[in-house]
Amino acid sequence: MSNLTYHLRAEDVNVWFGERHVLKDVNLAFPSNQVTALIGPSGCGKSTFIRTLNRMHELIPSAGFGGKVLLDEEDIYGDGVDPVKVRLKVGMVFQKPNPFPTMSIQENVLSGLKLSGRKNSNTEELVETSLRRASIWNEVKDRLNDPALSLSGGQQQRLCIARSLAMGPEVLLMDEPCSALDPGSTRRVEETILELAPEMTIVIVTHNMQQAQRVADQTAFFLSEDGNPGHVVEFGATEQVFEQPIDPRTNDYVNGHFG
Amino acid sequence: MEKVIDLTPVARPKTAQPWSKKSPKFLISAAAASIIPAAITLAFVGLAGMDFMAALIIVFLPIQVIAAALVGISIYGRRGILESLLVVATIFFSSFVFVLLGSVLWSVISNGAAAISPSFIFQNNYYIQPTTDLGYGGVGHAIVGSLLIVGLSTIITVPLGLATAVYLTETQGKSKGIIRTLLQAMAGLPSVVSGLFIYAMFIASGITTYAGWTGSLALIPLMLPTVARVTEESLRLVPAELRNGALALGAPAWRAFAQVTLPAAKSGIMTAVLLGVARVIGETAPLVLTTFAADRTNLNVFSGQMGSLPTYLFGYIAFGFDASIKRAWGAALVILIIVAILFISARLASRTRTKARK
């Protein structure tokens with residue numbers, strides 16, 4: 001692992017909601033162009049953590065934050081850093097597919113450009129490449145002007161992935177992207193993740209342990225015990241975390257003894 | 001042996017809703033329970049000469065309740081009593097509201113229709129006496145005045161209402177509670193007070209004489225709470241996931257609002273504007289105090305007295321002649337028609353949008 005470069009690093013990340021300390025001293029380094037899975041039982045803070053990586057976390061009024069998140073060695077929480085600029089580089093796909101209902105499929109793919117006030121001369125090509133990279137092009141190429149909500153749930157989620165990809169992000173965050181999808185759609189989203197991995201750094205939160213094993217190079221196990229703040233119990237190569245976990249709690253969790 | 005399955009679709013049979021089938025016993029007893037109480041009541045009114053309203057409450061309602069309870073017991077046993085009482089109560093009270101609304105509409109339409117003619121709608125009221133025959137003169141100037149006064153109010157109020165709603169839903173402002181309380185208080189403001197305030201501010205103080213724009217100002221506090229609250233509700237209905245989706249794409253907050261939240265709430269906001277307009281288009285007191293009245297068409301909302309439909313109606317009722325009261329009914333009908341047109345066009349506008357998206 002010594003020859004890896006780290007695109008994104010979280011250093012001593014702490015999160016509070018109001019007075020409640022929900023994440024304590026999280027240190028994780030995400031290697032460039034690899035997939036990192038965050039696993040752990042509900043309420044352990046993994047979704048909260050992934051939101052700190054593109055500053056979506058701070059949209060919650062009571063949120064508090066301590067620590068650093070380094071993107072290309074620059075702290076995204078540093079003085080004068082614009083969260084809007086951070087989110088242009090760090091895209092996000094949510095748990096529930098959220099295509100914009102008033103827009104067509106094509107408009108959804110291009111919505112990021114419009115929303116960030118960018119211009120792109122070759123929009124047709126961008127729509128096609130983005131949809132191809134999200135492996136949904138063949139299903140929608142003849143109906144690009146149909147409303148986005150006419151798609152099935154799995155297609156909507158891949159459209160949301162395409163929407164993020166159109167912005168050319170360096171990092172893609174996925175917060176349980178398959179938890180609202182059927183097995184067939186899940187498989188296609190996973191294939192998409194594996195195809196994207198060589199080009200960008202991907203962080204995925206998942207409840208599905210098989211999914212983590214199928215797509216992730218690294219896995220981090222989060223846990224919050226007895227009302228204490230969540231923290232990382234174990235972080236390492238996926239194989240090692242699942243086959244030879246160091247911590248007994250990780251062993252219990254990945255083998256389905258709790259959670 | 002291979003079995004061939006026929007998969008061609010067949011026409012839907014008439015019996016496709018077995019759950020809606022009613023037994024003959026139910027139909028007969030339900031018909032009896034509906035007809036007998038009404039028949040007895042009509043007999044009391046017709047033969048014994050009882051007052052209709054009194055008969056409705058003293059005779060009809062108790063008999064109907066008992067009849068329904070009997071049917072309920074005979075069909076469902078004991079639980080049928082409450083069920084059938086609920087049905088009777090629902091039908092009785094909803095038809096009461098329906099009759100109330102219908103009778104208002106009917107009296108306006110039947111009395112007002114006689115006055116409606118092209119000349120009544122397009123001519124103004126100049127040279128017309130309260131006793132002048134309906135063939136001459138009309139509410140043209142008042143329609144123009146109402147539209148101008150309410151239009152100017154709408155132009156001022158909608159951005160204010162939208163801004164208020166955005167403050168209440170999209171920001172983390174500290175004074176939301178106070179703003180909401182103020183809006184509620186404003187909704188309870190008697191319209192005459194609003195008119196009096198503008199009168200004292202601008203007219204009694206000598207800043208201006210009666211003019212259309214002072215009327216528009218007086219309508220703002222009446223319209224604002226409706227526009228702001230309904231807009232707030234419709235913005236609140238836009239799921240947070242959409243906002244987050246837009247922000248996660250690197251949108252500045254204002255673009256996320258303008259390009260995602262606002263379009264998603266569009267039909268609700270249109271409803272808000274229309275409810276606001278409907279709220280003030282019939283307001284009389286503030287206009288009497290601020291625009292006063294006029295018989296000539298005045299196209300300048302910034303200068304001179306202005307006629308409007310409610311003040312016209314008020315004035316002509318006050319004259320008390322046969323012809324003038326007919327004109328007042330006509331003006332009332334015109335107000336109703338304008339409100340109906342506004343509502344129907346808003347419905348159509350939001351419907352074409354959803355249809356195009358299907």
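## Two helices that cross in chain B

At what angle do the axes of helix α5 and helix α8 of chain B cross? In this predicted model, the angle is roughly 40°. The axes come within 6 Å. Helix α5(B) covers residues 140-170, and α8(B) covers residues 212-236.

By class, the contact of α5(B) with α8(B) has 18 nonpolar, ten polar and two charged residues.

The crossing of α1(B) and α2(B) is right-handed.

Which residues of α1(B) meet α2(B)? They are Phe26(B), Ser29(B), Ala30(B), Ala33(B), Ile36(B), Pro37(B), Ile40(B), Thr41(B), Phe44(B) and Val45(B). Among the residues they meet in α2(B) are Phe52(B), Leu56(B), Val59(B), Phe60(B), Ile63(B), Gln64(B), Val71(B) and Ser74(B). By class, the contact of α1(B) with α2(B) has 18 nonpolar and four polar residues. It has no charged residues.

An α-helix has 3.6 residues a turn, so residues three or four places apart point the same way.

## Where chain B touches chain A

How many residues of chain B are in contact with chain A? The count is 19, and they touch 25 residues of chain A. Two helices of chain B, α9 (240-248) and α10 (253-264), each supply at least two residues of the side that touches chain A. Helix α9(B) gives the most to that side, with seven residues.

By class, the side of chain B that touches chain A has eleven nonpolar residues.

## A helix in chain A

Helix α7 of chain A runs over residues 183-196 and has 14 residues. From first C-alpha to last, α7(A) reaches 20 Å. That is close to the 20 Å expected at 1.5 Å a residue.

Which residues of α7(A) are buried? They are Thr186(A), Arg188(A), Val189(A), Glu190(A), Thr192(A) and Ile193(A). Their cover includes four elements of chain A: β3 (35-39), α6 (153-165), β8 (201-205) and α8 (209-215).

Methods. Residues are numbered from 1 along each chain as its sequence is written. Chains are lettered from A and ligands numbered from 1 in the order in which they are written. This is a predicted model: local features need pLDDT of at least 70, side-chain atom pairs count only at pLDDT 80 or more; totals for chains, interfaces and linings use all residues. The expected span of a helix is 1.5 Å times one less than its number of residues. A residue is buried if 20 or more other C-beta atoms lie within 10 Å of its own, exposed if 12 or fewer, and partly exposed in between; C-beta atoms are placed from the backbone. Two residues are in contact if their C-beta atoms, placed from the backbone, lie within 7 Å. Ala, Val, Leu, Ile, Met, Phe, Trp, Tyr, Cys and Pro count as nonpolar, Asp, Glu, Lys and Arg as charged, and the others, Gly among them, as polar. Axes are lines fitted to C-alpha atoms, for helices over the stretch in contact, and angles run from 0 to 180 degrees between N-to-C directions. A crossing is left-handed if the near helix is turned anticlockwise from the far one by less than a right angle, and right-handed if clockwise.
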